[in-house]
Structures are given as C-alpha cells and as structure tokens.
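Please read the sequence alongside the structure shown here, and follow the explanation with both in view.

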Amino acid sequence: MLALPFSAAGRSLTGINIVGPSNAEPPPQPPGPAMYQLDVILKKGSNLAIRDRTGTSDPYVKFKIAGKEVFRSKTIHKNLNPVWDDRVSLLVESLKDPLYVKVFDYDFGLQDDFMGSAYLHLESLEHQRTLDVTLDLKDPQYPEHNLGSLDLAVTLSPKEGDTRDATMLLRRNWKRSCKYQSMRLSDVHRKAQLWRGIVSISLIEGRSLQPMDANGFSDPYVKFRMGHQKYKSKTIPKTLNPQWREQFDFHLYEEQGSYVDITVWDKDAGKKDDFMGRCTVNLSHLTKEQTHKLDLPLEEGEGLLVLLVTLTASAAVSISDLSVNMLDDPHERHQIMQRYSLWRSFNNLKDVGVVQVKVIRAEGLMAADVTGKSDPFCVVELSNDRLQTHTVYKNLNPEWNKVFTFNVKDIHSVLEVSVYDEDRDRSADFLGKVAIPLLNIQNGERKAYALKSKELTGPTKGVIFLEIDVIFNAVKAGLTTLIPIEQKYIEEEPRVSKQLLLRNFNRVRRCIMFLINTGCFINSCFEWDSPQRSICALVLFVIVVWNFELYMIPLALLLPLAWNYILIASGKDTRQDVQAMEDLLEDEDEDFDRDDKDPKPGTWEDSRDKNYILEDMLASWHFEWIRAMVDSERKGFMNKLYAIQDVCISVQNALDEVASYGERIKNTFNWTVPFLSWLAIVAFGAATTIIYFIPLRYIVLAWGVNKFTKKLRDPYTIDNNELLDFLSRVPSDVQVVQYRELKLDPNPSPNKRKKNNPG
C-alpha cells in the first residue's frame with residue numbers, strides 16, 4: 001500500500017498541512033459516530049501520463065472504499081490536464097479504510113490503460129472542514145515514475161442518527177449512484193462512439209526503402225494506427241519498391257487534430273521484425289471531399305510511401321432510445337426508401353443501404369461475478385463499424401432498449417452482436433455472441449436469438465432479443481460484390497491450433513474426394529460398369545462435341561444452378577455437407593477451447609528455470625565463452641521454433657483458403673445465399689449472350705487492351721479479380737454453421753449446459 005501521496009511537507013491551498021500515517025501517535029480523539037459523510041469534489045488533473053499514440057490520454061477516475069467502487073467520473077478526451085469538477089457524497093462506515101483513487105485511460109473497444117493511483121487516508125482529515133488536497137499518482141510496480149497529480153476538495157462530517165437508517169441510506173445512495181452512473185456513461189459513450197467522417201486510405205507503393213536483409217532486399221509491410229483503429233498491410237517479399245495497392249477506411253472522431261501514425265517493418269521469419277521507418281499524416285491539413293496524393297518520406301529510415309487519402313462526411317450513424325428511431329417515422333422511412341430506390345442505383349455506389357438494430361433485452365445470461373450476477377453491456381458490430389450500449393449493473397436479464405443505425409457498404413456483411421460483462425479493473429468477460437448475415441434478416445421481426453460461444457460453434461447461456469430492419473439498393477449491392485471485400489482491422493493474430501489444422505485438412509480432403517469421385521464416375525462410363533449409363537454418356541458426348549460452341553460453357557454452368565433450384569423448390573435439401581461440418585465443429589469445440597485458450601505453461605517455465613540455473617552456474621564459474629555458446633544455441637533453437645511455427649501457420653492458412661474456395665463454389669451452386677446464386681445466373685446469362693453474338697477475337701482484344709492500358713488510365717488503381725471478389729462473399733461451410741441460428745432450448749439439461757459452458 002502506498003502512503004498518502006502528498007508531498008513530504010503536505011500540500012493544501014487552505015494553508016492546512018495534510019500528512020499520511022506516520023510512526024508518531026495520532027492525537028487522541030473522542031469516540032466517533034457510527035457513520036461519516038465524505039463530500040469530494042474532483043477538480044482537475046495535472047501532467048497526467050500519456051497512454052495514447054497521439055501523445056494524449058482520455059482519463060477518468062474511480063473511487064473505491066474497502067474494495068468496493070463507489071464513484072466513477074466522466075471521461076475527458078484528449079487531455080493531460082483535465083478539468084472534471086465532479087461532486088460526490090459518500091457514506092463511510094469506518095475511517096480505517098482509505099479512499100482508493102485510480103485513474104484510467106479510456107480505450108473504446110479495448111482494455112483501459114492504468115494511469116496511476118493514490119490513497120487518501122480518512123483518519124488524517126479534520127472533521128467538518130473543507131480541505132484542498134493534491135494526490136500524487138504512482139504506479140505500485142514502478143513507484144519512482146511520476147504520473148502527475150489530482151486536485152480534490154474533501155469534507156468529512158460525522159453522520160449522527162440511527163445506524164440502521166444510515167445503512168439503508170447508504171444502500172439507496174449506492175443504487176441511485178449506479179443508476180445515474182449508467183445513464184451518464186450512456187451519454188458519454190454515445191458521444192465518444194459516433195464518428196463524424198470517414199478517412200479512406202489507399203496504400204499505393206513504397207520507393208527506395210532501406211535494405212534490411214543480407215540479400216540486399218527487404219520484405220516490407222506497413223502498420224497504420226489512428227486512435228484505437230489499426231490496419232496492417234500484406235507483406236511484399238524481396239523488394240525495395242513494393243506495390244501494395246490496398247484500400248481501407250478509418251473513422252474520424254474529431255474535426256481537428258487527428259493523426260494517422262504509419263510505421264514500416266521488414267518481415268523476418270523466426271525473429272523480431274526490423275523497423276524501417278515512420279511517418280505521420282495530419283488530417284487537419286487536408287480538405288474534405290477531395291482525394292489527396294501524399295508522398296511521405298520515412299523518418300528514422302530511407303525512402304518514402306505513396307498514399308491516397310480522402311476525407312468524406314459520415315452518413316447516418318446514430319444511437320438513440322427505443323422511443324426515438326427514424327424507421328418508425330413514416331415520413332423518414334419513405335425518404336430512406338426513395339434514397340435507395342432502383343432509379344438512384346448509380347448515385348454514390350458506396351452507399352448501398354442502411355440497417356437499424358434495436359437491442360431490446362437479454363434473458364438468462366451467464367453469471368460472471370462472484371455475487372452470482374453480471375454487469376452486461378452489448379456491442380454491435382458491422383464490419384469495422386462498432387457501437388455499444390450502456391452497462392446494466394448486477395443483472396442477468398438486462399434491458400437496454402437502444403437503437404443503432406449503420407450505413408451498409410456491403411450487403412454481404414455480417415452483423416455481430418456480442419454481450420460482455422463489465423469488469424472495473426480488467427478487460428470485459430465474454431458472455432455470448434450471435435452473427436447474422438444482413439441478407440438473412442427479416443425486416444421488422446422482433447426475434448430471440450440464442451447466444452453462441454466466441455467461435456460461434458456452440459451454444460452458451462442466454463438469449464438476446466433484437467429487431468432489425470435492412471433497406472438497400474439491389475443494383476448497388478450487386479456491383480459492390482465485384483470489388484475487394486473490406487478487411488477487418490481488429491483481428492487476432494493467427495495461432496497454430498491442432499484442431500484447426502486437422503479441421504482444415506479434413507475440409508481439403510473432402511474437396512479432393514469430390515474431384516476423385518467425379519473422376520471415378522467418368523471413368524466408370526468408359527469402363528462400361530453400367531451399360532445404360534455408358535450408352536447415355538456416349539450419345540451425350542457425340543452430340544456435345546459435334547455441336548460445341550464456346551457460348552455453351554457458361555450455358556452449361558447454368559444447368560446445375562437450375563437443377564439445384566428445382567430440388568430445393570420441391571423440398572429436397574442439397575446441403576448435407578453442412579450438417580457434417582456442424583457435427584465436426586461441435587465435437588472439436590471443447591478441445592479447441594482447452595488447447596488454445598488455456599495453454600499449459602509448465603514446460604516453458606521449467607525450461608526457463610533450467611536456463612536460469614545454467615546461467616547462474618556459468619556466471620559463478622566465469623566461463624564467459626561457454627555462456628556465449630549456450631546463448632547462441634538457445635537463440636538458434638528459438639529461431640528454429642519460431643520458423644516452424646510460421647510454417648505451420650502458413651500451411652494452416654493455405655489449407656483453409658483452398659478448402660474455403662472449394663466450399664464457396666459448391667455453395668454458390670447449392671443456393672446457400674440466393675442473392676449470390678441469382679447474381680451468378682445473371683453473370684452466366686450475360687456471358688452466354690455476349691459470346692454468342694460477339695466473336696471471341698473481339699472479346700479477347702477488348703480484355704487485353706483494357707489490361708494493358710489500365711495503369712496508364714489510372715496509375716493508382718487498386719487491382720482486383722472480380723471472380724475471387726465474388727467468391728469471397730459466398731460463405732464457406734464453416735461460416736454457414738457459424739451464421740446458422742440455434743433453436744431455443746428453454747430447459748437445457750445440466751450435462752449439456754456444462755459441456756457448452758466449460759469452467
């Protein structure tokens with residue numbers, strides 16, 4: 001425990017010295033009353049610690065007494081000298097418990113950073129007198145660091161009267177404080193979450209970068225950060241003039257003073273990546289609604305980066321109460337319907353539609369606290385757009401009654417709604433999640449969704465009630481299907497997983513077995529295993545070859561789509577493989593959690609202990625040359641271990657990519673997503689018509705001229721493959737299982753509940 005963090009002589013603006021407990025005996029005092037009232041004015045902070053990359057912090061303050069939080073201040077954004085002027089009155093039972101003051105930096109969507117703490121010893125305060133005090137903030141782990149100070153005004157007054165009445169008053173004040181705090185935090189979060197603009201960044205290329213490898217080249221990639229938003233580019237191997245051609249968006253939360261921090265790194269397998277330089281973009285110097293070409297020299301390195309940056313105003317993104325929402329107003333709903341009508345299909349192709357999510361309530365949530373309750377809040381995500389509700393304290397059946405509105409840039413996006421338990425001093429605990437593709441939503445239907453695990457492979461405890469409306473333009477939605485999909489910039493780094501590697505291997509094996517079975521079927525026609533089948537195949541082969549034209553290729557691809565549509569319309573299910581994938585995911589779910597989330601550190605710690613013992617022995621024997629050899633061998637072993645891990649991750653990801661593309665092709669023809677299957681029919685029909693009426697040489701000539709002149713017409717265009725972009729929107733079998741709704745089970749058995757909620 002830290003001593004009272006005033007200066008050694010004490011500090012007081014009123015001329016009264018306040019000192020902490022010392023070895024000197026305190027002056028005798030008459031017996032105290034049963035209760036005290038502590039009035040605190042949190043005035044301001046001075047020279048607080050920097051916790052954000054922009055050189056500032058978003059500080060707020062917590063008060064605790066006897067381990068229980070009794071107050072939380074508002075958050076002051078982007079300020080190291082914040083002024084709060086917050087007032088709070090607390091009822092204190094014992095003066096022996098000090099007031100514990102902690103300061104945090106608010107990070108939306110991330111764990112809040114610790115900025116320092118201090119103790120105010122109540123026994124040292126004079127009664128019924130307002131004292132101005134300054135608390136010096138310290139970090140218990142690094143007490144020598146100066147983390148700034150807080151200015152308070154405190155008044156301690158005895159509370160006379162019946163102890164029971166005072167206790168009831170204390171409880172009522174605590175409940176009222178929690179309720180007021182939840183409402184106030186709701187307003188603070190609403191203001192902090194809503195962005196006022198979009199920053200579109202195109203990373204084009206790098207020029208004359210610094211060579212970092214022995215071969216005279218580098219393997220560069222770029223990291224971008226703006227506040228809590230991050231993006232990492234792909235790695236371009238063995239080059240000093242990389243061509244990235246990537247585009248992504250950040251949210252702009254402030255009109256002025258926003259910076260984008262950019263760092264360039266050289267990828268090294270098996271060891272730490274090398275730093276190649278940094279640069280910064282000051283967005284306040286850029287005009288809006290205009291694309292800016294920036295040539296940014298790298299500081300602390302060589303070369304420069306070429307970027308295209310565009311600032312655009314944000315469309316309708318909002319958080320409101322249930323009683324106030326735009327789609328319930330007939331006039332506003334009509335205007336939105338007109339905005340996304342077919343006759344406006346070519347106005348602002350990036351504005352595909354709008355989605356409104358009503359987060360009503362949740363029931364039967366998991367108890368995450370030792371009290372048997374939880375402090376749940378809800379996070380709603382659509383691609384990189386993320387908003388959240390306020391926290392409902394000590395409740396397993398919370399009611400939020402909030403309405404979130406997002407703009408839809410891609411109709412194939414998936415709406416993710418997650419429920420967390422707020423923990424004051426650490427990251428939030430996960431309670432459940434649902435993933436809902438926008439194309440699966442039925443407008444205006446209030447529905448209960450069973451919550452799933454974090455991997456969306458099995459159920460967890462609780463349900464959440466949502467009502468969702470989606471309005472979009474079908475032509476814009478179809479055109480955006482043929483451009484690169486937006487990558488999420490908040491993603492976990494890939495890890496090696498035995499279960500994931502085995503699952504991907506089995507998926508690839510199923511795709512290969514399909515090809516082998518197809519080949520065996522064709523070969524059986526040649527072998528005349530079935531005379532009737534072979535005769536039909538021979539006749540069909542002769543007719544097709546004799547009459548073959550190039551336009552028949554896309555026409556033939558229409559046949560399986562039509563056949564599967566007829567089967568589905570007649571009530572037959574053509575998607576049995578998805579059920580097999582669901583069974584596989586459920587079987588591995590428990591092992592996946594145990595192996596990936598709770599790694600056993602014993603082996604590593606034992607090896608580290610042995611290494612430390614060995615180093616101590618060598619040091620005591622003064623065999624420095626042996627120490628160097630051991631260190632070299634150990635580093636070599638660790639480098640090999642990291643290299644093996646990188647290879648395993650590459651194999652794991654390659655298997656996933658191969659299997660995913662095979663499953664997506666199958667799911668396109670299986671009508672897993674009807675919108676995409678209809679889009680494929682339109683594409684195949686158009687291709688058939690074009691090839692039928694236009695000679696092939698003209699088509700190839702037009703394609704080649706377009707490819708050769710594309711960079712001449714637009715030097716900074718983002719390359720893409722329309723076919724792969726289309727397939728990236730089709731869900732794989734794993735995603736189909738993750739997006740499938742669970743049937744509500746009002747009375748799950750204890751064994752099943754235990755299996756679904758281990759630990």
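Val357 faces Phe404, a residue of strand S21, across a strand pairing, where two strands count as paired if DSSP finds at least two bridges between them. The model is a predicted one, in which local features need pLDDT of at least 70 and side-chain atom pairs count only at pLDDT 80 or more, while totals for chains, interfaces and linings use all residues. Residues are numbered from 1 along each chain as its sequence is written, and side-chain values use heavy atoms, with hydrogens and water left out.

Strand S18 spans residues 353-363, and strands, like helices, are DSSP runs numbered from the N terminus (H or I and at least four residues for helices, E and at least two for strands). S18 is joined by eight bridges to S21, which covers residues 399-408, and the two run antiparallel. S18 also runs antiparallel to strand S25 (residues 459-472), to which 10 bridges join it, and within this pairing Lys358 has Glu467 of S25 as its bridge partner. Strand S18 is mostly covered, with nine of its 11 residues buried, where buried means under 20% relative accessible area, exposed means over 50%, and partly exposed lies in between (1.4 Å probe, protein chains only).

The whole structure holds 21 salt bridges, each being a side-chain nitrogen of Lys or Arg within 4 Å of a carboxyl oxygen of Asp or Glu. One of them links Asp249 to Lys409, whose closest N and O atoms are 3.8 Å apart. Because Asp249 belongs to strand S12 (residues 243-252) and Lys409 to the loop between S21 and strand S22 (414-421), this pair ties together parts that are 160 residues apart in sequence. Asp249 counts as buried because its relative accessibility is 13%, whereas Lys409, at 30%, counts as partly exposed.

Glu381 and Arg386 form another salt bridge, with 3.4 Å from N to O, and both of these residues are buried. In a further salt bridge, Glu741 meets Lys447, the closest N and O atoms being 2.9 Å apart. Glu741 lies in the loop between helix H13 (733-739) and helix H14 (750-756), and Lys447 in strand S24 (residues 445-452), so this contact ties together parts that are 294 residues apart in sequence. Glu741 has a relative accessibility of 39% and so counts as partly exposed, and Lys447, at 22%, also counts as partly exposed.
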